[in-house]
Amino acid sequence: MDSELAAILDGIPHQHCFPGPGQVGERLAAIADRHPGLACRQRVGTSRQGRPIELVTIGSGPCDVLVFAGPHPNEPAGFLTVPYLAELLCTDDALRERLGCTWHLIGCVDPDGARLNEDWYVGPLTRRHYARRHYRPPLREQVEWTFPLPGGSDAGLPETRALMHAIDTLRPELMCSLHNAEFGGVYYYIGEERPDIADALAGLSAWTGIPLHIGDAELPGTRRIRPGVFAVPSLRAAHHAMTGTGGPMGASSLHYAGRRGTFPLVIEVPLWASPQSAEETTCDQRRSGVLAGTADMLQAVSPDIGEAIDPVLEMMTTPGSPFARSLADVRRSASALAAVLREQARQAGDGLTTVAERFAARQTAHTLRLRACGTALRLLDEEAGRGNHTPAVQDARHALDDLFTDWVNDADADAPCTPVPLHRLLGAQLGAILTTAALLTEAHTAGTGR
C-alpha cells in the first residue's frame, strides 16, 4: 500500500458510535462553512418526509467523483466515512492536488429510513441489539434499486430522483456507493474488469485487519474477479436472482451510472468479522448439502414468523406502517432466495464446499431470519405504542420474542460475533475510495496526455 495512504489510514482516530443523518448533515455543513473558497453545498433533493438531501462539492480537478452514504439506511458505516473524507480533502492540499478530482459528497441519501435506525447506531454493537432495532426498506422503497430501467426516464422515489439528478448532472468518472454487510468480511463490486483496481482493493485487507469475503457474493451468480472483488452483475442477472421477491421495480444506481460511462464501486464492510469468511480450505460437507440446508432455513422463515403474527395482522391499528411493508418484503425475499439456492443445490454435484462458502451461506440465512423476526417485533412495538395491548397481540409478541432469542443464539453459536472497530470500517471505505480514485485519475491523465 502507498505510504501516503498508509499514513492517512493510520491517522484515523477511534470512533465511538455511528452518527445519525442529522449529525452527518451538520458536520458537512460546518466543514463547508469553514472552507468557503474550497467547498460549497447545494440541496439536490428532498426526502418523502421533507428532509433535505444535500451535495457538498470540494476541489476543482478534471475528474469528478461522486460518493454517497446510506443507500440502505441499516448500513451506516458511510456516515462516518463521508464527513471524514470531506475534512481530509479540505485540509490536505497535497492529497487533493495529487488526486486531481472534484469531489461530490452526499452524507445520506435516505434520511427518513436512517431515522428509523438511530436507536441502534449508538450501540452496543451486538447482533441482538442491531437486529432488534434495525429497519430495512422493502426493495420497492430502496434508493439503490429504484432507478429507471433502460429506455425509461422516471424514478418513483424523490430520494432516487435526487441521486439520479446528481449522476446526470455530474457524469462522474467514479461513483462510490458506501454499504456495510452485517457479518463476515469486506468485499467490493466494481463496474468492469480492471485487474489493477481489483488487486489494489483486495490488498487493502492487510492494513485494515478485516478479512476478505471470499465466499459467494450476495447476489447468486455474481462473477468473482479476485478474492473479495466481484463484477457488478448485469441488470438482467440481478433481476433474475431476485425473481419472486416482489422487486426490484427498477435498476440499481450502479447500472444507471454505468450506462452514463461512470465506473461504479460498491464498498461492503462488515459490522462483525470472522476469519471463516476468508478460509478457502474445504470442510467435510458437500456444497449441495450446504445450499440445500440453507434453503431449508430460509424456506421456514415466513411460516415460522407467520405462525405468530399472521393471526393479528388484521387487528393492527397502524395504517401504512413501514415495518409492515418491510416485514412482508423480507418474508418474500427469504422464500425466493430459498428457491434459488435449492436449484443451485440440485446443480452443485458432489464437490465439497469451502469453509468460506459454508460460512457465507449460513450467515445469509441467519441474517434474513433475524431481519424478519426483528422487524415483526418492531411492528408489534409500534402497536403497543398506540395502545393496542389485546391478548392476541401480547401472545404474538411473546412468541416472537422466544423465536428471536432462539435465532440469535443459533447465529452466535454458528459464528461468534466479533465487532469490527468503527475506525477500521471507516478506514476500509476511505482506503478503497482513495485507491480507486487514484488509479482512475492516473488512467485519465495518461489517456488525455496531460
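In this predicted model, the charged end of Arg260 sits over the ring of Tyr256, at 3.9 Å from the ring's centre.

**Phe79 and Tyr121**
- Phe79 and Tyr121 make an edge-to-face aromatic pair, with 6.0 Å from centre to centre and 75° between the ring planes.
- This pair links distant parts of the chain, since Phe79 belongs to helix α3 (residues 77-91) and Tyr121 to helix α6 (residues 118-121), 42 residues apart.
- Phe79 and Tyr121 are both buried.

**Trp120 and Tyr130**
- Trp120 and Tyr130 are likewise paired edge-to-face, their ring centres being 4.7 Å apart and their planes at 90° to each other.
- Because Trp120 lies in helix α6 while Tyr130 lies in helix α7 (residues 127-133), the pair ties together parts of the chain that are 10 residues apart in sequence.
- Trp120 has a relative accessible area of 1% and is therefore buried, given that the cut-off for a buried residue is under 20%.
- Tyr130, at 3% relative accessibility, also counts as buried.

**The aromatic cluster**
- One aromatic cluster is formed by Phe18, Phe79, Trp120, Tyr121, Tyr130, Phe183, Trp272 and Phe359, so that the residues of both pairs described above are included among its members.

Key:
Residues are numbered from 1 along each chain as its sequence is written. This is a predicted model: local features need pLDDT of at least 70, side-chain atom pairs count only at pLDDT 80 or more; totals for chains, interfaces and linings use all residues. Side-chain values use heavy atoms; hydrogens and water are left out. Rings of Phe, Tyr and Trp (its six-membered ring) pair if their centres lie within 6.5 Å; planes under 30 degrees apart count as stacked, over 60 as edge-to-face and the rest as tilted. Helices (H or I, at least four residues) and strands (E, at least two) are DSSP runs, numbered from the N terminus. Buried means under 20% relative accessible area, exposed over 50%, partly exposed in between (1.4 Å probe, protein chains only). A charge sits over a ring if NZ of Lys or CZ of Arg is within 6 Å of the ring centre and within 35 degrees of the ring normal.
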